[in-house]
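Good morning. I will talk through one model today, and I will keep it short.

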Amino acid sequence: MALVAEDRLFPVEGRSRDLARALYDQVRDLPILSPHGHTDPRWFAENEAFPDPAQLFVTPDHYVFRMLCSQGVPLAELGVPRVDGGATETDGRKIWRLFAENYHLLRGTPSRLWLDHSFQHLFGIDRRLSAETSDWYYDRIAESLATPEFRPRALFERFNIEAIATTEAATDDLRWHRMIKDSGWQGRVLTAYRPDGVVDPEMAGFADNIALMGQQTGFDTGTWAGYLDAHRARRAFFIEHGATSSDHGHPNARTEDLPQAEAAALFAKALRGDCSADEADAFRGQMLTEMARMSLEDGLVLQIHPGSRRNHSDQVMGMFGRDKGFDIPGRTDYVAALRPLLNAVGMRPDLTVVLFTLDETAYARELAPLAGVWPCLRLGPAWWFHDSAEGMRRFREMTTETAGFYNTVGFNDDTRAFCSIPARHDVARRVDCSYLATLVATGRLAEDEAPEVAHELTYGLAKRAYRL
């Protein structure tokens, strides 16, 4: 029994389905570009076998464990580590059995599609995961993981990944990226500059992180000028290790373009820990504009992904820390919020600012009109909670008429779950080909133009936008 249907996600109507299938056949085997993600560079540096099926598919995947948590399954029983070092389940088989018993909870979700795709295409499995098949699955996957063909580098090559970007904090020493480079392996694993810890006064350790950045660069980060120079130095260090982008996860899209004296005073206040909530927000906004100016100097693509109301559960945050499934989308303003940055540098075609959103109501009202006129702006793909067949379809429907295809950046998977990467890209390719088939069938796109657009959405746009 096939776990995933051959014509999944294609239109139901016959002609459109045939058109979608024909387009998909032309792009299905193109290399994967993954320019925005969170896989661990240590995997590729050390190239050790993945420990067990649970640690590969369950424990690190917040898409999976948040759904089980919603039905009362404790995170500790799924092996999610505690920040205080307290007891959590470490027996991979027990974790896997609990996962299998609750696998039905993922019916109809993107995670179910990604997992079934991985089970079928990566491990050759043809029976559904359940309590009854749990141990058989575990043994089958564990046996595979013990072989050289399932080491991280071998999977990277098997997945046909041309380039993948990880994401590291501004103060990271990038040791794993150096190890990859020094190993002689030819896989392109790039880093991305993530400065949240040194631009957000409300993050724990803000002043200490800035002091560390000063130690790393030799600049006096107690001054505004020295602080900016330290950013430039760290960005150059990241570029030496392959970075082509910076990545900014702010609570909102606010930007500022303050006079430098005011910015310096705000920085001093942030460093002392004296900022109000609004002043901290203003400082984050000022730093987005400063980062855009630095991008004009060094060429890094600026990614802004706001709108996540992070760590909604105080209890889970206290026990398990950040990024444990309790980040919730919120309303986000872009038009007023981005105006200071755009009026400062937005007419520069040599700057690329990629916008993401968790607020779908902004697609047609704000994001598409902004990207459809400002030369620097590009729209990132349907992201996080909308990284799904329906979410991708809605994104295309609500943005294409105003922003077109060429003000978008193709697809990126934004994942920590390594084995889901081929599945996620396959979904995106199928959805985009289906959308193009609908345009052809309804007379809005010439049939001979559709293959070129499909290639761009799959490969060309990401390669150019992220300078890969």
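This is a predicted model: local features need pLDDT of at least 70, side-chain atom pairs count only at pLDDT 80 or more; totals for chains, interfaces and linings use all residues.

Residues are numbered from 1 along each chain as its sequence is written, and side-chain values use heavy atoms, with hydrogens and water left out.

Start with the cores. A nonpolar core is a set of buried Ala, Val, Leu, Ile, Met, Phe, Trp, Tyr and Cys residues joined through side-chain atoms within 4.5 Å. Buried means under 20% relative accessible area, exposed over 50%, and partly exposed in between, with a 1.4 Å probe and protein chains only. The largest nonpolar core has 95 residues, and Tyr227, Leu377 and Leu436 touch the most other members. Helix 19 (residues 421-441) gives the most to this core, with ten residues. Helices (H or I, at least four residues) and strands (E, at least two) are DSSP runs, numbered from the N terminus. Another core, of 49 residues, lies apart from the largest one, and Ala45, Leu78, Leu155 and Ile421 are among its residues.

Now helix 18. How far apart are its end C-alpha atoms? They are 20 Å apart, which agrees with the 21 Å that the 15 residues of helix 18 (residues 389-403) should span at 1.5 Å a residue. That expected span is 1.5 Å times one less than the number of residues. Its buried residues include Gly391, Phe395 and Thr399. Just after helix 18, Gly404 takes a positive phi of about 70 degrees.
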